[in-house]
Amino acid sequence: MRVVLAEDLFLLRDGLVRLLEAYDFEIAAAVESGPELERALAELEPDVAVVDVRLPPTHTDEGLQCALRARRRRPGLPVLVLSQHVEQLYARELLADGTGGIGYLLKDRVFDAEQFVDAVRRVAAGGTAMDPQVIQQLLARRSGDGQGPVDRLTPREREVMELMAQGRSNAAIAGKLVVTERAVAKHTANIFVKLGLEVSDDDNRRVLAVLAYLDRDR
Amino acid sequence: MNTNTKSGGAGSRARGTVLAAGRGLALAVASLPLSILGFCLSLVSMALIPIGVGALTTPYVVKGVRAYAERRRALAERWGGLRVPSAYRPASDSVNPFRCTYALLRDPATWRDLRWLLVDMTAGFVTALLPAVLVLYPLEGFALAAGLWRVMGDGDGGAYWYGFVPVDDQPTALGAGALAGALLFVAHRYTVSVFQVHFRLTEAMLTPSQAELAERVRVLTETRRDAVDTSAAELRRIERDLHDGAQARLVAMGMDLGAVEMLVDKDPEQAKALLAQARRSSAEALSELRDLVRGIHPPVLAERGLADAVRALALRLPVATEVSVELEGGRVEAPVESAAYFAVSELLTNAVKHSGAGRVWVDLHHGSGRLRISVTDDGAGGAAIGAGSGLAGVERRLGTFDGVLAVSSPAGGPTMVTMEIPCVLS
């Protein structure tokens, strides 16, 4: 699987290259600035791009803007955005086109190599990988008035929904919560009923549906 | 007048004379009704304050007069070459008209403007009109001398007076012509200076007094001290947070790793546990650093500017928050941007914590050199500046930039806090 990597700090870039290569990814390019990323995405047609939000020369949200532009040119281009901070504003912008293949994670998440690589693979396959912090903020704000549909979920259902919103499959959720896959399926069905969402097998679509639901009266 | 054959200096003086006369006439005609109108409206409006109506109208009238005075200041600079400084206190567009009126009445500049209007409609009018009279009146004398005297008499043989010359036959008419010539000479020499007197008058009446300038310096000194104190305290907090937080965790991590080095052969199990602990320490250090950075300069503010930073802030609130922005694409100056962001952040925190609001509205608007931000909630109300509400801190923060804060929060709500900071967009 060919990866384009954009990160301006040498140490981190180097570490990411080694990490990804250790898991049998092919690094098509490892760049350190916005314009270079722009060129690499246009010419190399990678299977997935791993991009830092803040890049030279402007040191603003150059990486994010590049990723968004690249996805407008090539809809569905899988992009995993890494950042020192996660902001819902950016998460929404990434999810806005609804085509999937999007990830948005804190840089810390690379500490857990297995999970990070899993996230890259999920995104490359067209799924989503949202940082737990984004999901928690979303859920926290919905429970503010104590009346919303999210508040009618049982604690276990909330756990399942958090993992689901991060983009994990039923099997992964079952593994994480140490329950059977059938139990997870039952929980997800309950969640969909309580939130008034249609049942869907497509991982990506169901995450987007959950996020859209949580977001809808904004 | 055959100015073309005269020297260039005299020619330009003649042009200056005619120009001054023309401008003076226009100014006199335009300013008299405006000055009288402004003066009368101000008096009536202020007289009506006791019955309440005046409090609603006074802010508008006073602001109108100020705009008019500023126009005349600009004119004095353009036509008279005199820079007339203005020292209006920053006016708050408080939602409470009484408070707004009170603030305007306390500003000495308001009373100075009134005094100026009075002088402008009398002495100011005369000095503006005089140049035109000086230039036009001799023309009548020449016309009389040229034969107009025949039709100007009053019919009963009485004389027609031109200045102090009674005109009733050709010789006296020629006398009037001579007087006109003398007058024209005076006009040629003095018209420009007379017109200048008008602007000197404006300058004398509209320039703020030493006391006001001293007051302004005092306010600036105070806000500067506040700003320095605040940033020093902020630096101390950051230093302490780093020392007790991230720094300590990194030390602990180093120690854990040292222990791991020793244990890795002897007791791999224990080493693994320590490694896990070291990783946890590094994650915690990172998250502390993140919070610290957010407190110093939030990432979205650095990357996108005020509008998106406030939008991102709103997304993190547990209460539904609507943000509307009108900044015409520009970015606010960095220090103002930061002050405004933290002020909004504080107000939103207040709204969520204390008001019990179900909805919050934030409105960002930039117009006529001011950034205006209002934060409104549908909560319980009863907020006041001081009383440990955090609003005093916000006020101090804004004071550094001459910004003002107005609070309207009747018991039972809603609460509306409006901030205004003078600034330009880049």
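Select chain A and colour by burial: of its 218 residues, 53% count as buried, meaning under 20% relative accessible area with a 1.4 Å probe and protein chains only. This is a predicted model, in which local features need pLDDT of at least 70, side-chain atom pairs count only at pLDDT 80 or more, and totals for chains, interfaces and linings use all residues. Residues are numbered from 1 along each chain as its sequence is written, chains are lettered from A and ligands numbered from 1 in the order in which they are written, and side-chain values use heavy atoms, with hydrogens and water left out.

Stay on chain A and show its surface. In cartoon view, chain A shows ten helices and six strands (DSSP runs: H or I of at least four residues for helices, E of at least two for strands, numbered from the N terminus). Among contacts in chain A with a separation of 6 or more, 64% join residues 24 or more positions apart (contact: heavy atoms within 4.5 Å).

Move to chain B and select its five-stranded open sheet, ordered S3-S4-S5-S7-S6 with mixed pairing (strands pair if DSSP finds at least two bridges between them). Strands S3 (320-326) and S6 (404-408) of chain B are at the edges; each has a single partner strand, so one side of each lacks a neighbour in the sheet. From one strand to the next, the twist averages 10° (axes are lines fitted to C-alpha atoms, for helices over the stretch in contact; angles run from 0 to 180 degrees between N-to-C directions).

Next, select S6(B) and S7(B) (residues 415-422), an antiparallel pair with five bridges. Leu405(B) has Met419(B) in S7(B) as its bridge partner.

Finish with helix H10 of chain B (residues 334-355), which lies across S4 (359-367), S5 (370-377) and S7 of chain B and runs at about 10° to S5(B).

How values were computed
Buried < 20%, exposed > 50% of the residue type's maximum accessible area, 1.4 Å probe, protein only.
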